[in-house]
Amino acid sequence: MHGEYKIPGGKLVVVDADVEDGVLRGVRVAGDFFLEPDEALDAVNGALEGAPADADAADLAARIDAALPAGTVMYGLTSEGIGVAVRRALAHATDWTDYDWQLIHEGPQPPALHMALDEVLTAEVAAGRRPPTLRVWEWAAPAVIIGSFQSLRNEVDARGAARHGVEVVRRISGGGAMFVEPGNTITYSLSVPQSLVQGLSFQDSYAYLDDWVLGALGELGVKAWYQPLNDIATDQGKIAGAAQKRIVGPPGGPGALLHHVTMAYDIDADKMVEVLRIGREKLSDKGTKSAKKRVDPLRRQTGLPREAVIDRMIESFRGRYGLTIGKITDEELSRARELAETKFSSPEWTARVP
C-alpha cells in the first residue's frame, strides 16, 4: 500500500507498507523533508513496524515520538503527518495528480443558483459522472450566505439586508455567514472524490484542501496560513473562510466532498456590519474588537486587480495539478435552476433554522 500526504506548510511524506495479520509490515517512510540525525528515519520505520493496522494517526504519532533519538530535529515533517500518511496508505487514498481536473469559470450567476450548482456538481462527482472540478464563482448580486445550521434571525439584520438590496441564501455546508458583493470577493468551490481526503480527519481535510491556495497566495506575495478550523489568515488579518459538505454517491459511486472558500478582495465593512449581526462573542475568538477589522482585503495586500488575482490563482493550480477548461452541462444547469427555485429560493429552506 502507498500513501502520500503533503503536510500543511511543510513537506511531502510518502509511506509504503503492507498489512499482515492485522499489523503493519515492511514500513518505509520517505519524502522531501529534513530529519536529523540520520538514524531517526530508522527509528520512525521501526516504531511503525508491527503497529496495529487500525491504529489512528494520533496513536501512530505517539509510537514515533517514543522511539525518536534524543535531540531529533524535524523540518517540514511532524510525527502526526507521518501518521496521517500511514492512514492514507491503508485507506487507499488518491492524490491530486491522479485526476484530470476541470475548471469552470463562467459569467455572473444569481446567489441561489450558485448554492444549487455546488450541490449538483458535487453530486455529479459523487456519482462518478463528472471529473474533480474547480469552479470559480462570479456574483450577479450582493448576498449574505448563511451556514446550513445557522439561525437566520441571529445572523442577518433583515432590515439592513433589505435596505442594501442584499439577498439572503442558505448553503448546504456548515460554518459561518459570508457577506459578498460582485467584484469584492473571490469565491471558489472544489468538488472532489471522497478518496482524495480518505484517511484525513475532518480538520486535516480543511488544511489539505487549502494548501494549494496558500501556495498561490505566496506567489502573489501574501504570506498566509491555515487557521483551524476553517479560516485562512495573514499577519494583517483573516482573508478567507472555508466550509465543507460530504455527499454520498449512488451504489458504486465514489462519493464526494464539497470544499468552498470565500476570500475578501475589497469588502465594504460599513455595509457588512449593517447587514450581518456580528456579536462580541463571535469577534472575541478572532482577537479583534471591531467587526470592520475581521477581514483584510486582498486588493491592498496584492496591489492587483481582482481578475489578475484570480488568473494567477488558476495558473498556480494548473501548474501543480493540471487543469483543463470545462463547462456546466445543459443537464447540470437545468437541474441547478430547478433546485435554485424550489429549494434555495424557498422560505422553508432559508428559514429552516429561524
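Residues are numbered from 1 along each chain as its sequence is written. Because the model is predicted, local features need pLDDT of at least 70 and side-chain atom pairs count only at 80 or more, while totals for chains, interfaces and linings use all residues; side-chain values use heavy atoms, without hydrogens or water.

Let's start with the sheet. Three strands form an open, antiparallel sheet in the order S1-S2-S3 (strands are DSSP runs of E, at least two residues, and helices runs of H or I, at least four, numbered from the N terminus; two strands pair if DSSP finds at least two bridges between them). S1 (2-6) and S3 are the edge strands, each pairing on one side only. From one strand to the next, the twist averages 20 degrees.

Val13 is bridged to Gly31, and Glu20 to Val23. Of the 2 residues between the strands, Asp21 takes a positive phi near 50 degrees.

On to the cores, meaning buried Ala, Val, Leu, Ile, Met, Phe, Trp, Tyr and Cys residues joined through side-chain atoms within 4.5 Å, where buried is under 20% relative accessible area with a 1.4 Å probe, protein chains only. The largest has 67 residues, and Trp96, Trp101, Tyr188, Trp212 and Met263 touch the most other members. Helix H7 (residues 202-219) gives the most, 9 residues. A second, separate core of 27 residues includes Val120 and Trp349. Thanks, everyone!

Note on methods. Buried < 20%, exposed > 50% of the residue type's maximum accessible area, 1.4 Å probe, protein only. Axes fitted to C-alpha atoms, helices over the stretch in contact; angles between N-to-C directions.
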